[in-house]
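Colleague: I would like to learn how to read a model like this one. Please show it and take me through it.

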Amino acid sequence: MIATASAKNHAWLRELGTEPVEYGDGLVGCVHALAPDGVDAVADWTVLDHGGQYIWVRPDARELERLSALVDAGKLLVDVDASYPMQELATAFAAGMSGHGSGKNVLTPFTD
């Protein structure tokens, strides 16, 4: 697996078993060097610009339960950067768009 991140997160990505490459100029070339025969999937909003295609998924309760079980068993790591109550959705969105977090932002139910 190849993962893109800023250089400060490369060691962490290696611990997770990925080969990190840095964002920016040269990214596509770095990926081609690591996978000269191409890759199977890319999670990127600009995938069409690089000759890829979108693959849509639909929510599946059974698969979500399976993922939850993997998290509970410690086999799937979800790095949580911050947690926000639903009424702070705008703050959570802004934090996510800032690009400075190292994990996911979690929305929790509304608080009283």
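The talk below goes from the whole chain to one residue.

Modeller: This is a predicted model, in which local features need pLDDT of at least 70 and side-chain atom pairs count only at pLDDT 80 or more, while totals for chains, interfaces and linings use all residues. Residues are numbered from 1 along each chain as its sequence is written, and side-chain values use heavy atoms, with hydrogens and water left out.

Colleague: Which pattern does the chain follow along the sequence?

Modeller: Helices (H or I, at least four residues) and strands (E, at least two) are DSSP runs, numbered from the N terminus. Here there are 4 helices and 4 strands, in the order β-α-β-α-α-β-α-β.

Colleague: What radius of gyration does the chain have?

Modeller: The radius is taken over C-alpha atoms, and the globule rule is 2.2 Å times the number of residues to the power 0.38. A compact globule of 112 residues would come near 13 Å, but this chain has 17 Å. Its C-alpha atoms fill a box of roughly 55 × 30 × 30 Å along the principal axes.

Colleague: Why does H10 count as buried?

Modeller: Because its relative accessibility is 12%. H10 lies in helix α1 (residues 10-15). Contact means heavy atoms within 4.5 Å; leaving out residues up to four places away in sequence, H10 touches A5, P20, V21 and E22.

Note on methods
Buried means under 20% relative accessible area, exposed over 50%, partly exposed in between (1.4 Å probe, protein chains only).
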